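Here is a quick tour for anyone meeting this model for the first time. Have a look at the sequence and the fold, then read on.

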Amino acid sequence: MRSVPAVIFDLCCVMAFVVIGRAGHSEGETVAGIAETAWPFLAGLLIGWLVTRAWRRPAALAGTGVGVWLATVAAGMALRVLSGQGTAATFILVSLVFLGVFMLGWRAVAHRRRTA
């Protein structure tokens, strides 16, 4: 798999997490609100891609997938703290589960399709 589709899949995972989360809390679906919630996780995603050098093996589950997923959540939460946004324990857990299922999930599907 090439890097561009992989980045798009990861971006879609983060944006789905943000939009579904905001809708679940009745926070509104304004562009500004979505951007405010999304930017820490998008920055975390960028950090994850750079740290893991994801462009080398973008669909790899073990190295790239786990590293990008954990960096997205960890850096996203750290940036939320620095910007005065909340990081309740349940929010961290939901972030880990949702982003883990989706970011690792598309990679597992891609791996399965390659080996089929």
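## The core

The largest nonpolar core holds 22 residues, and Leu99 and Met103 have the most contacts inside it. Such a core is a set of buried Ala, Val, Leu, Ile, Met, Phe, Trp, Tyr and Cys residues joined through side-chain atoms within 4.5 Å; buried means under 20% relative accessible area, exposed over 50%, and partly exposed in between (1.4 Å probe, protein chains only). Helix 1 (3-24), helix 2 (31-52), helix 3 and helix 4 each give two or more residues to this core, and helix 4 gives the most, with 6 residues. Helices here are DSSP runs (H or I, at least four residues), numbered from the N terminus.

This is a predicted model, where local features need pLDDT of at least 70 and side-chain atom pairs count only at pLDDT 80 or more, while totals for chains, interfaces and linings use all residues. Residues are numbered from 1 along each chain as its sequence is written, and side-chain values use heavy atoms, leaving out hydrogens and water.

## Around Met103

Which residues does methionine 103 touch, leaving aside its neighbours within four places in sequence? They are Asp10, Cys13, Leu45, Val68, Trp69 and Thr72, with contact meaning heavy atoms within 4.5 Å.

Arginine 53 has its place in the loop between helix 2 and helix 3. Its phi is near 50 degrees, a positive value in a residue other than glycine. Most residues other than glycine have a negative phi. Arginine 53 is partly exposed, with a relative accessible area of 41%.
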